[in-house]
Amino acid sequence: MRAAVDPGVGRIDRLINRSDHPPDGVALAEQTVVPEPPAGRPVANEVLPPRTADLNPDTREPLLRMHDDRTLAVLGGEHANTIRPNEALRAGHWAELRQRVTGHEVVNRSFYHPALDRAAHVEMRRMVVLDPGTGQRPVTEFTVRIRYQADPVMTPQEVARAKSNALDGIDLYYNHQHRLPDGSQFHVRLEFEEVPYVAGSSEAVTLHPGRGQHIDQLTWHTDMAPVIYAHEIGHHLGLADEYVAGSQADRRTLTTSGTRNDATLMGGSSRLDWNSAGLVLDHAGHEVPSIAGLRDRHLVRFSDLTPFPEPARDSRGNVEWPGPYQAWTSGRHGEQVVRLPDHVQLLLREFPAEGRNLLDHARRLDQMHALFGDRLPAGEMTRAHLAYADALVDTARQIYDAGPDHPFRRDDLTRLRDLADILGASPGGRLPDLELISRQANEVYGNSQRVNAPSVEGLARLAEWFTHTGGQRLPGESGAATLHRVAGEFFGEAPSREAVRAAAYVFLKAAEQSEVLSYGHGRLDFGGLAERLRAVNNGNEILGRRISSEEFAKLADQVRERTAEAGSSRTGDLSPPGIREKPIPAHVWERLHSWSGGGRADPPHDAGGSGGRPEAGRDATPERNHTHYDAGDPGPSVPSREPVSYSGDIGAFHRVHDDAATRFEGGEPSGDIIPYMIEDATGGLGARDGGRPFGIELEYALPRVSPGDQPAVNAAIGRALHEAGLTRDSEVHGHHDSHVRGYTDAVNDWRLERENGDQVAGEIISPILYDEPRTWRDLARVTEIIRAHGGETNVHVGGHVHVGVPDYGASTSSHLRLLETIKTYQDVLFRLAQNPAGPDFLHRGYSQCMPNTITPGLRMGGLNALTQANGSTAAVSMGAVAGRPSDHVQLRLWDGTLDPAIIQVHVKLSLALAEAATSSGTDGPSGQARASEPLGYHYDKGASPGREEETASFRRMLDELPLRDVDRAQIIKLFAITQWQPSVLRRYALGGR
């Protein structure tokens, strides 16, 4: 939780009764001016008594959260807010019934914080209440029993107040409004169990008096707002933080995977903020509520925690009594007087509300100040600046899919402003609306680039760099031309669309890898970073190629460290930047951007992986830092955890799977969903020292090029590969020429070969590869070159992976174990082989990768029989197996793709399958023989028998293969965006090969 900054009460206080949540039939209250407080009299934060002294959830009057249509439009979903609160069942309805129903303990609720299982005991019950008016009404109730210890300085009254506030938070955000995906009413019953006080205990929640400034799952304060209680209890139910936090790698920016910008209980919009003056507080010092709540994804998550599908036979009973309730609107403790920061009070004199809701208007002025406070004094801001701020904030909400109360950071707003300025927006001129940003971004990138939140974020960060290193627009230069030039100057090469795509990607991904870059110019001296970058280029540290996002992030961290050592006031400073007295002179700008470089492109994806080669089913990845509600404080760390077992923890599986599936269904390309690792991508499986070598074959098509022009395009691809230092020559070699010439591990021994046939234009063969950063950067560069020349994939294109198996030797035991594992997970592997971008979600066909069979004669026939039975058209070809050190198997089942992240997953699976075959035995970890699922097994079943059963074999495979958690998560994301494939016969019937 962020500390509540109390700016005091100024001259322009206004009474606000902001009833975003009025009960039925209650109109919004009028705004009223209230008298100023007596001069010099301080206004203390008021301590409120409990709403009711009854702490029994069965008999306590519930606090029903009433929404108006505007709020429901924000919070409503398929499951969320689908019940009218005054029509919902209440805990007293099933109090007697609960006694007859056995609770099912819910464990392993938190993927990131397994220690929370010790601080809270959670049980789930499913019941059916018989309502004479509406019939059977199912309820799913989670009982959360918090094990707490009270700070010795607390009074019994403070403990009671804490419990009451927590119960109110549960009512307001969890109960009487939501359904689970099965249609049952969702309900949380909160109980408390006191344990002896032990200082620093991680086995219980510690209650402290007051409001507190450090709050997390295990540290609560009596007078926290109900929404904060609800947020922290969400962690005990397995929900993760979703707000931007620079200290957390998966939540550093608005577009990182763990961030959600909608009106989520687990995000930053659960409370209102002034942009630079802390929380929005009322006159009594209480937080003003915002529009936030549970989302559909949270209710799906709770559904995944339930251990059985149907209510028990004895879990049915009658509605006994309706009971009274209290309705909650904007604030249950009377009228609110908002404490206004000084800069907002000043602006209100110049820009009166004029009939607007005063709090909404004050926040508009705060956003204007955040956008322009670094450029001119508040007294010089005009209505043109206010209109610009309104338009920009509205555009940011649309780009980042943000809720109406989302607290954009100042740096996020000024960064988007810098981009809008370059694209032609200005106060008093063209406003920065979504149409302008989208159209101009298309011009910058080229129409082939999909404009979405990450692509806009990358451009905004490039624009921020331009602005804060003293960049100057040239006379008559368009916005697109400016950004092309900036990208060229950043890399030290000619301006181009390709350069701006690469530069935007570097800035986007570097911000995800560096905390200081995630904040931007508010915490980093960009001029110093530019100087450091110039020194690196002049010192040949980057060896004549483009800097990668990882390298740029490291440079930023180094600059931050040196600045901190020098005692600069910028270190950690988030106060409003001062007004720039004059821009950086043009000659300084030219000097900052005068480095030389160029040549190699940064890969289109870049994500780090954890190191260390694991044993099968093991993972040495340490537990991430303990996160909490304070975006600026990572909190105490928790002990290392065991690797996730996806066989036993379906909730952990669906947290990764459902996020990827939702993003893919929403139109995000696979490259934005599946991370691409540069460092230690395989956990040692493909390491040069102790791992297996591998190779890749990339087929591509040229569907938009006439057959007569394809040789010329292939020749251009050959030249581009050679100019990039990837091939020894620029020739297009004959079909299967590499089979004759053999292979080397030279980094410049990629080869381009022509293909025989009309559907596949060419194939690029890699050298012998190892898991090294150079390998993955080269692979990304190869795919980029193919795409840049019009290369695509189609239903005829394959992608083959070769894996070295010199340790298999002349015995067939390891080879047969590999084939048996492939057979066991055949249906799963062909699903993962499908190109997500292919038509109708179908595999290309099986004529060139027929499923392997294991005949009885193979066990006695030796290597000769093995290679003959698994030849060049088998899914796993063993044509290059002869008991020699150069032996390798070829996995041909993978579809062709030009997404390097998917290729990396296919390589990783190929290596893991080959490695797993070296262990003795073919049974699973339990020692029991594994049942095989042939190709088409799930497809032919039709309707899914249930999410758990449908994914059981895939999850079991993940646990059995020698993969780390980071590898499994990457593979789950591919699984989420592919589909089950038909059998061979059915594929032929559908028109395949």
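The model is predicted, so local features need pLDDT of at least 70 and side-chain atom pairs count only at pLDDT 80 or more, while totals for chains, interfaces and linings use all residues. Residues are numbered from 1 along each chain as its sequence is written, and side-chain values use heavy atoms, with hydrogens and water left out.

Let's start with helices H8 (residues 358-372) and H9 (residues 383-399), whose axes come within 9 Å and cross at roughly 95 degrees. Helices here are DSSP runs of H or I with at least four residues, numbered from the N terminus; axes are lines fitted to C-alpha atoms over the stretch in contact, with angles from 0 to 180 degrees between N-to-C directions. H8 is therefore roughly perpendicular to H9 (65 to 115 degrees).

Phe-372, at 2% relative accessibility, counts as buried, and so does Tyr-388 at 0% (buried means under 20% relative accessible area, with a 1.4 Å probe and protein chains only).

Now look at Phe-653 and Phe-975, an edge-to-face pair with 6.3 Å centre to centre and 65 degrees between the planes. Phe-653 lies in helix H19 and Phe-975 in helix H30, so the pair ties together parts that are 322 residues apart in sequence. Both Phe-653 and Phe-975 are buried.

Key. Helix = DSSP H or I, 4+ residues; strand = E, 2+ residues; numbered from the N terminus. Parallel < 35°, antiparallel > 145°, perpendicular 65-115°, else oblique. Buried < 20%, exposed > 50% of the residue type's maximum accessible area, 1.4 Å probe, protein only. Phe/Tyr/Trp six-rings, centres within 6.5 Å; stacked < 30°, edge-to-face > 60°.
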